[in-house]
Amino acid sequence: ILFALTVLLAISAASAGFACCAPSQWEGEAIGVYIDRKKNDTDAFFEYISYDIANERIRVDFYERVYHEHELRKVEKTFIEKFDSPSGQYRLYTIDKKTNVCTWAPQNTPLKAMCVGDDFSGKYDFTIGGELESTVYRFEHDHFRDDIVVTRKTCIPINGFQMEHHGRERLFDFKIDYFNVVLGIRNPNIFDTPSNCNR
């Protein structure tokens, strides 16, 4: 579900090193679409992201619209992943905005930085809008092709997409666009979790 968390991490997972990593603290918004062909679903989503790897935490306010066979299902949740000092655990908190119910689950590994792996198959520099120097990193693995676009100097995410290919057939799977990205965390209290959160 946490597309913003995984779009860069999935690509860098098999890599021993990184081409670049996003700034340690930033906030921004993202929109995207995901197609699940097994379920015949099309998911459109919006996220507000507060990313703070410096303090091992991230918050994603997630709004999803799932279209399945002419039916619409809405999902509105807040996800907060962080280190819980009293328990010594890394936890993922899920807050359902409709029911106001909060649950948490332990995480086996610490939160990873959003990085682009150095095992890319292609790298292309270009300029957006005549001024923003950007780089697209291309990854080819199995039957998938992933493209990640970041700012050239600071590695701030701009967009990413995944295509599945079988011979000459290419199928669109996933796309995400980031915008209104600002450095820093304006309100650190947004990482606070409800006291009544249950496992």
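Colleague: How many salt bridges does a search of the whole structure find?

Modeller: This is a predicted model, where local features need pLDDT of at least 70, side-chain atom pairs count only at pLDDT 80 or more, and totals for chains, interfaces and linings use all residues. Residues are numbered from 1 along each chain as its sequence is written, and side-chain values use heavy atoms, with hydrogens and water left out. A salt bridge is a side-chain nitrogen of Lys or Arg within 4 Å of a carboxyl oxygen of Asp or Glu. By that criterion, the search of the whole structure gives eleven.

Colleague: Glu 76 forms a salt bridge with Arg 65; how many residues apart in sequence are the parts that this pair ties together?

Modeller: The closest N and O atoms of Glu 76 and Arg 65 are 3.5 Å apart. Strands here are DSSP runs (E, at least two residues), numbered from the N terminus. Glu 76 lies in strand 5 and Arg 65 in strand 4 (residues 57–68), so the parts tied together are separated in sequence by eleven residues.

Colleague: Arg 138 and Asp 147 meet in a salt bridge; is Asp 147 buried or exposed?

Modeller: The N to O distance between the side chains of Arg 138 and Asp 147 is 2.8 Å. Buried means under 20% relative accessible area, exposed over 50%, and partly exposed in between (1.4 Å probe, protein chains only). Arg 138 is partly exposed at 22%. Asp 147 has a relative accessible area of 4%, so the word for it is buried.

Colleague: Which residue's side chain makes a polar contact with the side chain of Asp 84?

Modeller: Asp 84 is in strand 5 (residues 71–84) and is buried, at 14% relative accessible area. A polar contact is a pair of N or O atoms within 3.5 Å; within protein, one must be able to donate a hydrogen and the other to accept it, and residues adjacent in sequence count only if both atoms are side-chain atoms. At 2.5 Å, the partner of Asp 84 is Ser 87.

Colleague: Leu 132 is found in strand 10; what is its relative accessible area?

Modeller: Strand 10 covers residues 132–141. Leu 132 forms a nonpolar patch on the surface with Phe 126 and Ile 128. Leu 132 counts as partly exposed because its relative accessible area is 37%.

Methods. Helices (H or I, at least four residues) and strands (E, at least two) are DSSP runs, numbered from the N terminus. Patches are made of residues with over 30% relative accessible area and no salt bridge: like charges are joined within 9 Å, nonpolar side chains (Val, Leu, Ile, Met, Phe, Trp, Tyr) within 5 Å. Accessible areas come from the Shrake-Rupley method with a 1.4 Å probe; for residues, only the protein chains shown count as cover.
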